[in-house]
Amino acid sequence: MNLSVDLLSRFERGELTAEQEREAVRELLDLACVPEAAGLLPPRPASDPSAFAEPFERACGKAEDALARRDEAESRAPALLAELAAHSFEQQLTLVRNHRRYATFAFVHHLCESSFAVGTADLRRGEELARLAVAAAEQAAATSLSPRLARDLEAEAWGQLGNALRLRFDLRAAATAFVEASRRLAEGTGDPLAEARLLSLRASLAADRGDFPAALTLCHRAARLQEEAGARHPLGRTLVQVAAYAAEAQRFAEAFEAADEAARWIDFEREPRLAFALQHNRAYCLEKLGRPEEARREMATARRLAEQGRRRSDLARVTWIEGRIAADLGELAAAERSLREAAAEFLELEAPFDVALVSLELALVLLAEGRCSEVRELATRMLTIFSSQEIEPEARAAAQLFQAAAAREALDRFFLLRLLSYFEKARLQPGLRFDPRG
Amino acid sequence: MEPLYRSAELEPGARTLDEELRRARRGCLRVLSQFGIPMADAEDVLQDAFVLYVERIDQIESPERWLPATVRMLCLRYRRARRRQVARAVDSAVVELLQDPRRSEGERLAQRQTIDRAFGLLRERCRQLLALRYGRELPADQIASRLGCRVTSVNKIAQRCVGDFGERLVEVGKAHVQRQDGRS
């Protein structure tokens, strides 16, 4: 075998047969076994950067073509999705798997964005769109320019599927989808923003599991990557997550600082809802830090933003914290009004744990005024709600204990606070038992 | 208060794709040269980075920072893939050469000596480890006790050493070919 630069390059790329590889290694060993071989090893000076000017120019030319193709595919994507929507989901999957017109980067992005935008409004459709994205990405992988780009695209789709499954509270399936996404990302281009995006989604999963320290670690890793890549808005977005998880972890000062920092980077025109998320978080932290007057001022802005956004769950949360602030300030009638309103809204939104938490805070207000019979009614209503829905037996048992203690008029503030703490945790940890002795 | 994170300031004014790419030119070329990417593969690396940029153009606010960072990651992965491929090929070829049943005992011994001498390209620790692994075909636990490291580390260190060995062999081969080309 005659060694040549070309043959050695093919050897490095894995383009030789096993027999050729063996021959090449044998020849190389013969060359390397002589004492002067080490002297052949060239020093490794960095080559002159300008030597890469030509490949740069050629790649620039091809980028223009790629942009034209992408623009065309992007403009077609919404129509393609609308066309699919006329079929059943199974038919949609078959179509995506069998027609090349769906196998474009732009269509996969559009599916992922649509799935993300649907969010909690339609959990089933959110998952379906993400599954279509996975199918389209796998099709696009067969036609894309390079395997690394294809893996990035697949990772994006699997990441979105993980998120859609997380929102459906299928946390195990979500974790599996994130593993698939990570595996593909490891074989991809190494795009720091793609990695940051996946870290941020994994942080959401960790938070849903109640593991806020892990969620915060993942967020900080994502933020570092976004900072290095100069990605202002995604960095701000991640910091909104930091603020939320730090607050959940009872690290309110840290949460407040992260919310301030986030506001510096976010492009609120691009994602107006983040303004509400930030404002709500600031008010929530201030209330928890024992600064109810300041919290009330911040909450007034949060209410205005929630009314503009017209999301019922956002408005219910505003009303809830308004009730809590009023209770802190000793305005018990206003507190009662707000908490009753929030509980009714969460009931309509079918959010039983939020109903439980608001009801317990309302019970604290009523108890402070010695209105035991109303606490009893409240506890009975909460038990009815928990019995009529698919709630874990452990949480239902805690609601029964609440009702039994209220019936005996044996409730005190400490027992209610323990129940509150329990329902906050039980929402994230199915199967958790309530210990009445704390 | 010192901010937790710093990010590039956005500059006003829309630019064309070509202008954006050219603003990142210096950074991209510097990364390619730092990694010593072969000229034939540099275009593929750049093309992957540019296509990805085009696909994410709406999300990337600072191409001047994002593009060199992405080219850097692509170069890292390129180097890792090459290294893995060469290590795999060298490892299986060495094992086969040492165990080839068509060869006499004397030929196999000579081959073993050739390989041992070729390990002279490596650092002392790698030299010892690979001599034990290939020369004496010792299992991981015995290698670990002789080298004073954990059994779980042996495979990891061995992989790194085989990777180094493969890279050195290819460098020696390329230097040899270039010297011969110079003579002719």
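A polar contact is a pair of N or O atoms within 3.5 Å, where, within protein, one atom must be able to donate a hydrogen and the other to accept it. The exercises below concern a predicted model.

**Exercise 1. Determine how many residues of chain A and of chain B are in contact, and how much area is buried between the two chains.**

Solution. Begin with the residue lists: 82 residues of chain A are in contact with 79 residues of chain B. Next take the surface, where the area buried between chain A and chain B comes to about 7,500 Å², with carbon and sulfur atoms giving 62% of that area. Then ask which residues of chain A lose the most area to chain B: they are A:E12, A:F52 and A:F56, which together account for 10% of what that side buries.

**Exercise 2. Count the salt bridges and the residue pairs in polar contact between chain A and chain B, and describe the side of chain A that touches chain B by element and by class.**

Solution. For the charged pairs, the count between chain A and chain B is 11 salt bridges. As a worked case, A:R13 and B:D41 have their closest N and O atoms 3.7 Å apart; the pair qualifies as a salt bridge because the cut-off is 4 Å. Turning to the elements, helix α4 (residues 53-84) of chain A gives the most to the side of chain A that touches chain B, contributing 14 residues. Sorted by class, that side of chain A holds 43 nonpolar, 12 polar and 27 charged residues.

**Exercise 3. Find which cysteines are joined by a disulfide, and state whether A:C219 and A:C285 are buried or exposed.**

Solution. A search over all chains of the structure returns one disulfide, and this disulfide joins B:C126 to B:C161 with an S to S distance of 2.1 Å. The link is left-handed, with -75 degrees about the S-S bond. It connects distant parts of the chain, since B:C126 lies in helix α6 (residues 124-135) of chain B and B:C161 in helix α8 (residues 151-183) of chain B, 35 residues apart. Both partners are buried, B:C126 with a relative accessible area of 2% and B:C161 at 1% relative accessibility. In chain A, A:C219 is in no disulfide, the nearest cysteine sulfur being that of A:C285, 14 Å away; A:C219 is buried, at 0% relative accessibility. A:C285 is likewise in no disulfide, and A:C285 is buried at 0% relative accessibility.

Notes. Residues numbered from 1 in each chain as written. Chains lettered and ligands numbered in written order. Predicted model: local features only at pLDDT ≥ 70, side-chain atom pairs only at ≥ 80, totals over all residues. Heavy atoms only, no water. Contact = heavy atoms within 4.5 Å. Buried area = accessible area lost by both parts, 1.4 Å probe. Salt bridge = Lys/Arg side-chain N within 4 Å of Asp/Glu carboxyl O. Polar contact = N/O pair within 3.5 Å; in protein donor to acceptor, adjacent residues only side chain to side chain. Helix = DSSP H or I, 4+ residues; strand = E, 2+ residues; numbered from the N terminus. Nonpolar A, V, L, I, M, F, W, Y, C, P; charged D, E, K, R; others polar. Disulfide = S-S within 2.5 Å. Buried < 20%, exposed > 50% of the residue type's maximum accessible area, 1.4 Å probe, protein only.
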